[in-house]
Amino acid sequence: MYKLIATYKIPEDAEAFNKHYEEVHTPLVKKVPGVKEIRMNRVFAAPMGKPTLHLVAEVVFTDKETFNNAMKSPENMACGKDVMKFAGELVSIHFAEEEIVRP
């Protein structure tokens, strides 16, 4: 699997952030061609002290070609514009190839 992983620091107004993310941003992400699934990880704690992250989102694609095509799409560009508008100073974007290691 290939992924776009977005990590979000804790926003000043978590309620407004969550509302925009759920009502505006997620619907835009769902329109990106080739998206297999969106994995939402809502951070609730850290081993020591308070967490520094609010949300980790993983947008999953089945293969590298699908991922590359999606990243070039107008729909993905719209997502990028939106995320910079509402969370530009909070977000860090990463691209990853998943490897599953089983015990």
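Modeller: The axes of α1 and helix α3 (residues 74-87) come within 9 Å and cross at roughly 170°. Axes here are lines fitted to C-alpha atoms, for helices over the stretch in contact, with angles from 0 to 180 degrees between N-to-C directions. That crossing makes α1 roughly antiparallel to α3 (angles under 35 degrees count as roughly parallel, over 145 as roughly antiparallel, 65 to 115 as roughly perpendicular and the rest as oblique). Helices (H or I, at least four residues) and strands (E, at least two) are DSSP runs, numbered from the N terminus.

Before going on, please keep in mind that this is a predicted model, where local features need pLDDT of at least 70, side-chain atom pairs count only at pLDDT 80 or more, and totals for chains, interfaces and linings use all residues. Residues are numbered from 1 along each chain as its sequence is written, and side-chain values use heavy atoms, with hydrogens and water left out.

Which residues meet? From α1 come Phe-17, His-20, Tyr-21, Val-24, His-25, Leu-28 and Val-29, and they touch Ala-78, Cys-79, Asp-82, Val-83, Phe-86 and Ala-87 of α3; contact means heavy atoms within 4.5 Å. Sorted by class, this contact of α1 with α3 has 10 nonpolar, two polar and one charged residues (Ala, Val, Leu, Ile, Met, Phe, Trp, Tyr, Cys and Pro count as nonpolar, Asp, Glu, Lys and Arg as charged, and the others, Gly among them, as polar).

Now to the rings. A search of the whole structure finds eight aromatic pairs, where rings of Phe, Tyr and Trp (its six-membered ring) pair if their centres lie within 6.5 Å, and planes under 30 degrees apart count as stacked, over 60 as edge-to-face and the rest as tilted. One of them is Tyr-2 with Phe-67, a tilted pair at 6.4 Å centre to centre and 35° between the planes. Tyr-2 sits in strand β1 (residues 2-9) and Phe-67 in helix α2 (residues 64-71), so this pair ties together parts that are 65 residues apart in sequence. Tyr-2 counts as buried at 19% relative accessibility, as does Phe-67 at 8%; buried means under 20% relative accessible area, exposed over 50%, partly exposed in between (1.4 Å probe, protein chains only).

Phe-17 and Tyr-21 are four residues apart in helix α1 (residues 14-30), about one helical turn. Phe-17 is buried at 5% relative accessibility, and Tyr-21 is buried at 5%.
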